[in-house]
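Thank you all for coming. Please have a look at the sequence and the structure on the screen, and then I will walk you through them.

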Amino acid sequence: MSGDYDKLLGDLQENVARNLELRLALKHAHQKIDDLEKEVFRYKMLLAGKDEMMNSLGWACKKPEERYNGDV
């Protein structure tokens with residue numbers, strides 16, 4: 001019976017380690033998505049000729065493109 005317990009414990013530890021890896025990968029993916037959204041927003045502002053809106057205050061709202069009402 002001790003062998004079953006050790007196997008279950010080993011499986012649990014592997015699952016916990018995998019869970020942590022997946023959470024870290026997800027966190028990095030979310031960060032990359034956020035960075036790419038900021039880049040897209042910056043390029044939209046550049047293409048629209050709105051250099052003054054490229055500062056960090058443009059990202060103060062949750063969805064900057066809604067704030068400018070489609071002027072982009």
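I will begin with the overall picture, then turn to the charged side chains, and end with the surface.

This is a predicted model, in which local features need pLDDT of at least 70 and side-chain atom pairs count only at pLDDT 80 or more, while totals for chains, interfaces and linings use all residues. Residues are numbered from 1 along each chain as its sequence is written, and side-chain values use heavy atoms, with hydrogens and water left out.

The protein has two helices and zero strands, where helices (H or I, at least four residues) and strands (E, at least two) are DSSP runs numbered from the N terminus. Helix α1 covers residues 2-48, and its 47 residues reach 69 Å from the first C-alpha to the last, close to the 69 Å expected at 1.5 Å a residue; that expected span is 1.5 Å times one less than the number of residues. After α1 comes G49, whose phi is positive, near 75°.

Which side chains meet in salt bridges? The count comes to four salt bridges, each being a side-chain nitrogen of Lys or Arg within 4 Å of a carboxyl oxygen of Asp or Glu. One of them joins D11 and K7 at 3.0 Å, N to O, and because these two are four residues apart in helix α1, they are separated by about one helical turn. K7 counts as exposed, at 53% relative accessibility, whereas D11, at 28%, counts as partly exposed; here buried means under 20% relative accessible area, exposed over 50%, and partly exposed in between (1.4 Å probe, protein chains only).

Another salt bridge links E39 and R42 at 3.3 Å, N to O, and R42 also lies over the face of Y43, at 4.7 Å from the ring centre. For that, NZ of Lys or CZ of Arg must be within 6 Å of the ring centre and within 35 degrees of the ring normal.

Finally, the surface: Y5, L9, L12, V16 and L20 make a nonpolar patch of about 490 Å². Patches are made of residues with over 30% relative accessible area and no salt bridge, joining like charges within 9 Å and nonpolar side chains (Val, Leu, Ile, Met, Phe, Trp, Tyr) within 5 Å. Across the 72 residues of the protein, buried residues make up 10%.

Methods: Areas by Shrake-Rupley, 256 points an atom, 1.4 Å probe, with all protein chains shown as cover.
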